[in-house]
Amino acid sequence: MQEIGFKVGAKAARLIGRENISDAAGALTELIKNAYDADADNVLVYFDIPFPNIDSGNILDERIDLLNEEDRRQIESFFEEGSTKIRELGSEEIDIIKNILFKYNYIYVIDNGDGMDENILKTAWMNIGTKDKEVNIISSRGRVKTGAKGIGRFALDKLSKHTLVCTAMKDKDVYSWELDWDLFENAELIDDVKASLTISEKNLRECMLKWIKDKTNLGADSNFEHGTIIKLNPIRESWYNRDFKRVNTSLNSINPLTTTDKFKVEVKNKWDSQFDFSTYDEKFDRNRYDYKISGVYDNGKLHLLFDRNELDTSISLVNEILENEKCDIDLDKEFWNKEEFQKKGHTRQEFSDIVLFEYDILEILDDYSKSEINSLGQFSFELFFLKSTNSTIPFIKKINASKRNSFMKNIHGVKIYRDDFKVRPYGDEDGMIDWLSLGTRQQKSPGAPTNKASWRVMPYQLVGDVAISREKNPYLNDQANREGLESNRFYYLFHDILTFVVEKFEEDRQYPLKLYGDLTRKIKKEIVERHKQEALANIVEHLDANKGKKEEEANKENNGDEDGTKNNVENDEENENAENPLTNEEVEEAISLVFKQDIDQKEINNILMSLSSSGVMVGTFAHEIQRVATNLETRNMHLRHSINRLFEENPYSGKSSLNPLPQIEKYETTDRLLSSWINVITNPVMKENMEKKNNNFSSILNRICQEWLPLLEEKKINLSFPTSEDAINFTISELDIYLIVNNFILNSASFFDNWIGKREIKITLEEQDDNVILKMINNGPPLSSRYRNNPDQIFVAGVTSKTDKEKGTGLGLWILSEVVERNAGKRKVLDELIEGFGIQCIFEKNG
C-alpha cells in the first residue's frame with residue numbers, strides 16, 4: 001500500500017484570509033483579538049489614509065503634494081484640464097489610479113501586549129492552524145484566549161498587500177517580520193512563500209515614531225515598552241465614511257458593558273478627526289436602566305434575576321384625566337391591595353427590588369433532548385431595559401430623557417462575548433443588531449403594557465451582554481469566516497433560552513402595568529355609565545316637565561270658546577304624542593347609542609368568539625367527525641334494505657345479517673353523536689342565547705354538559721357536572737356560559753390527546769354569600785412550568801403552552817377570560833392543585 005500526503009496550495013492563504021473575512025471591520029477585530037490574547041491594556045488603530053476612495057469626479061486638492069514626481073505626473077494625466085478633478089474614466093483607468101494612490105495609504109495597529117520573540121514568531125505566528133491557543137488557553141494575566149483556529153493573522157491580507165510587524169517582549173530584542181501577500185498569487189504551494197525575519201536596531205517606540213511622525217495624533221497610551229506594531233501598506237480596498245463608522249461601531253462594544261478587565265481601544269484618523277474614537281467605559285449603574293435582567297443557565301436549570309427599577313412603589317395617590325374628568329386614584333386601596341399583589345415574587349415591595357425565579361428548561365423547551373440541554377454548557381447574561389422617553393403612567397419613575405438618549409447612542413443591541421471578547425456581528429448596528437428577532441415579535445403585538453394583549457419590548461430598548469466561554473460551551477463555535485456562531489442544534493437551543501428570558505421579562509414588566517390598565521378601564525366604564533345615567537335623568541326630567549306643560553295648555557284650550565274644537569282637531573297628532581311620551585327604557589336605549597355602546601359590534605364579537613371556539617373544536621374532533629361521515633354514506637341504503645324485509649308484527653326470521661334492529665341501533669348512536677356535535681357548534685350563536693338576562697345558570701350548565709357527553713365519550717373522557725335541581729340564578733347570557741365551558745372543555749380535550757391514564761373533567765357550581773363560583777378541573781397535564789410563576793399569563797391572547805407541532809392558537813382561554821371579565825367576574829388558575837389543571841371563575845350576583 002502506498003501512502004500519499006496532502007499538499008496545501010498557496011491559494012489557501014487567500015481563501016482563509018481575504019476571501020473568508022467579510023469586511024475590514026472584521027479583519028481589524030481579528031488583529032485586536034490577538035492583542036487582547038497577548039494581555040494588552042491598550043490598542044491604537046491609526047488611519048493615515050489621504051486617498052480613501054477613488055472615482056471619477058474626485059478632487060484631490062492639496063493632497064496631490066504627497067505624491068512623488070513620477071506618480072504625480074501620471075495622476076495629473078487623468079485630471080480635467082486646469083483642475084485636480086479626475087475626469088470621467090473607465091474601470092481599468094480607475095484601477096490604475098488606485099494602484100498609485102493606495103501606496104500612500106497606511107493603517108497601523110499598535111498594542112502594549114506581551115509581544116513575540118523569535119521562537120513564537122517561528123513556531124506559532126508562522127504555523128497555520130496552530131493549536132497554541134487551544135493548549136495555552138489562559139494568558140499570563142488570567143484572560144481566556146479568544147483565538148482558537150490559528151488563522152487570525154490572515155486578516156492582514158484582507159487589509160493590505162504588504163505587512164510589516166515590529167514586536168518585542170519585555171526586556172528582549174525587537175524583531176521585524178515582513179511579508180508581501182501578493183507572493184501567494186504566483187506560488188504553487190504555500191511552503192513556497194517565505195516571510196523575512198530580522199532583529200531591529202530600534203526599540204518599539206523608535207519604530208513607531210519613525211512610521212508615525214505626527215505624534216499629536218497618537219493616543220494618550222501609546223508609550224509602549226513591549227508589544228506589537230503592525231504596519232499595513234498599501235491598503236487593498238477603498239475606504240468610505242461608512243467603513244470608518246463600521247469599524248468604530250464594531251470596536252465600541254468590544255468588551256462587555258460591566259467588565260472590570262481594562263482593555264481600551266483608541267482610533268485616530270489623521271485626515272478626518274470626525275472618525276476619532278475611544279471605547280466607551282462609562283459606568284452602567286442603577287440610575288441608567290429601568291430593568292436589569294440577569295441570570296445563569298447551567299445543566300438544564302435557568303436562574304433568572306429581575307432588578308425592578310421602574311416603578312415608584314412608595315406613591316399612594318395618583319391623578320389621572322379619564323373621560324375628560326380629573327380622577328384621584330388611591331393606589332393603596334384600589335391597586336396594591338389586589339389579590340394579584342399578594343403572591344410571592346409579585347408583592348408591592350418586590351416590584352422595586354430584586355427577585356429570583358427558577359425554571360427547568362427540559363420542561364419548557366420540549367423540542368430538545370435531555371442530552372442536548374445538559375451538553376449546552378453554562379452561560380450567563382446581563383440585559384438592560386431602557387426607555388428613551390418618560391411614561392404617562394403616574395407611578396413610573398421619571399427619567400432625564402436627554403441624558404438617557406445620549407447614553408443610548410453609545411450602546412446598541414444584545415452582544416455575545418466569548419471569554420470577555422465580542423463575537424461579531426451580534427448586536428452590531430449594521431450587522432445582526434436584532435438577532436433575537438425582537439422587532440418581529442413586537443410587530444405582532446405592538447400594544448402598550450397596560451393593554452390586555454401581550455406587551456413586547458422593542459429592539460432598541462434592550463441592550464446587554466451574553467457571556468459564553470470556550471471551555472464551558474464547546475458546541476458554540478465560530479463560523480470559519482468569523483461572522484457569527486455555527487448554526488447547529490446547540491445554537492438554536494441557546495437562542496431559544498434567551499428568547500424565553502426576554503419573554504419572562506416582558507411578562508414581568510407588564511404584570512403590574514396591565515393591572516393598572518384594568519383599573520383605569522374600570523374607572524372609565526364607571527364614568528361613562530354615570531354620565532349616561534345623569535343624561536337619562538335630565539332627559540326624563542325634561543320630558544316630564546314638558547308633558548305637564550302641554551297638559552296645562554290643553555286644559556286651557558278645552559275651557560275656551562266654541563272654536564276650540566277646530567284647534568283640537570288640528571293638533572290631534574301633537575296631543576296624541578303628548579299623551580304617549582317615550583318610556584324610560586326607550587330613552588335609555590337612545591342614550592346607550594349616544595354613548596357609543598356599539599351594540600351591533602358587541603354581537604358581532606360574540607359571534608366571532610363563538611365561531612373561533614367552533615373552529616378549534618372541529619380541529620380537535622376531526623377524526624371522530626370523519627368516522628361519522630363514513631357511516632352516513634351507507635346508512636339510508638342499509639335502512640331501506642332492512643325495512644323492506646320486515647313482516648308486520650312478526651319477529652324477524654330472515655338472515656341475521658339483514659336484521660334491521662342492530663343496524664338501527666348503530667344509526668341511533670351515530671345520530672346522537674352527530675346531534676351532539678351540531679348542538680355544541682350551533683347553539684351558542686342562536687339569537688335568543690345572546691341576550692343577557694337573569695338565567696338559571698345551573699340549568700344551562702347542565703344542558704351544555706349533556707350536549708358534550710357523546711363527544712367526550714368518544715375520546716374516553718369522563719365528564720362530571722352538577723344537576724339542574726338547585727337553581728342558581730345569575731344575570732348572564734347563555735352564549736357566555738357556552739363560551740366559558742366550551743373553551744375549558746376544548747382546552748382539556750386537546751391536552752388529553754397524548755395523555756395515558758384516566759381522563760376526567762369535573763365542573764362544579766356553587767353559591768357563597770353573594771358570589772357564584774364556577775370551578776372547572778381536569779386531571780391531565782399540569783400547567784407548563786413556563787407559566788408557573790405567573791399563571792395568569794395563559795389568559796393573554798396568543799399565549800399557548802402547546803408546541804409548534806401541536807399548533808396551539810392561544811385563543812381559547814383568552815376568550816374564556818374576556819367573557820368572565822365582561823360579566824364583572826374574576827378568573828384564576830387553581831395553583832393549589834396537586835395534579836391536573838383547573839380554573840375558578842367568581843361572579844358577583846349583584847355585579
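Reader: Of the contacts in the protein chain between residues at least 6 apart in sequence, what share joins residues at least 24 apart?
Author: This is a predicted model, in which local features need pLDDT of at least 70, side-chain atom pairs count only at pLDDT 80 or more, and totals for chains, interfaces and linings use all residues. Residues are numbered from 1 along each chain as its sequence is written, and side-chain values use heavy atoms, with hydrogens and water left out. A contact means heavy atoms within 4.5 Å. Among contacts between residues at least 6 apart in sequence, the share that joins residues at least 24 apart is 73%.

Reader: How much of the protein chain is buried?
Author: Buried means under 20% relative accessible area, exposed over 50%, and partly exposed in between, with a 1.4 Å probe and protein chains only. Of the 847 residues in the protein chain, the buried part is 47%.

Reader: How many helices and strands does the protein chain have?
Author: Both are DSSP runs numbered from the N terminus: helices are H or I with at least four residues, strands E with at least two. The protein chain comes to 25 helices and 24 strands.

Reader: Which residues form the covered face of strand S11?
Author: In a regular strand the side chains alternate between the two faces of the sheet. Strand S11 covers residues 317–322, and its uncovered face holds Leu317, Asn319 and Ile321. The covered face is formed by Val318, Glu320 and Leu322.

Reader: Which residues does Thr520 contact, leaving aside neighbours within four places in sequence?
Author: Thr520 lies in helix H16, residues 489–558. Thr520 counts as buried because its relative accessible area is 11%. With those neighbours left aside, the contacts of Thr520 are Glu320, Leu322 and Ile329.

Reader: Which side chain is joined to that of Asp48 by a polar contact of 2.8 Å?
Author: Asp48 lies in strand S1, residues 42–48, and is buried at a relative accessible area of 12%. A polar contact is a pair of N or O atoms within 3.5 Å; within protein, one must be able to donate a hydrogen and the other to accept it, and residues adjacent in sequence count only if both atoms are side-chain atoms. Residues touched by Asp48, beyond those up to four places away, include Tyr104, Asn105 and Lys270. At 2.8 Å, the side chain of Asp48 is joined to that of Trp271.

Reader: What are the planes' angle and the centre distance for Trp181 and Phe184?
Author: Rings of Phe, Tyr and Trp (its six-membered ring) pair if their centres lie within 6.5 Å; planes under 30 degrees apart count as stacked, over 60 as edge-to-face and the rest as tilted. By this rule there are 43 aromatic pairs. Trp181 and Phe184 form a stacked pair, with 25 degrees between the planes and a centre-to-centre distance of 5.7 Å.

Reader: How many residues apart are Phe730 and Phe843?
Author: Phe730 and Phe843 form a tilted pair, 5.2 Å centre to centre with 45 degrees between the planes. Phe730 is in strand S20 (residues 729–732) and Phe843 in strand S24 (residues 837–844), so the pair links distant parts of the chain. Phe730 is buried at 3% relative accessible area, and Phe843 counts as buried at 0%. Their separation is 113 residues.
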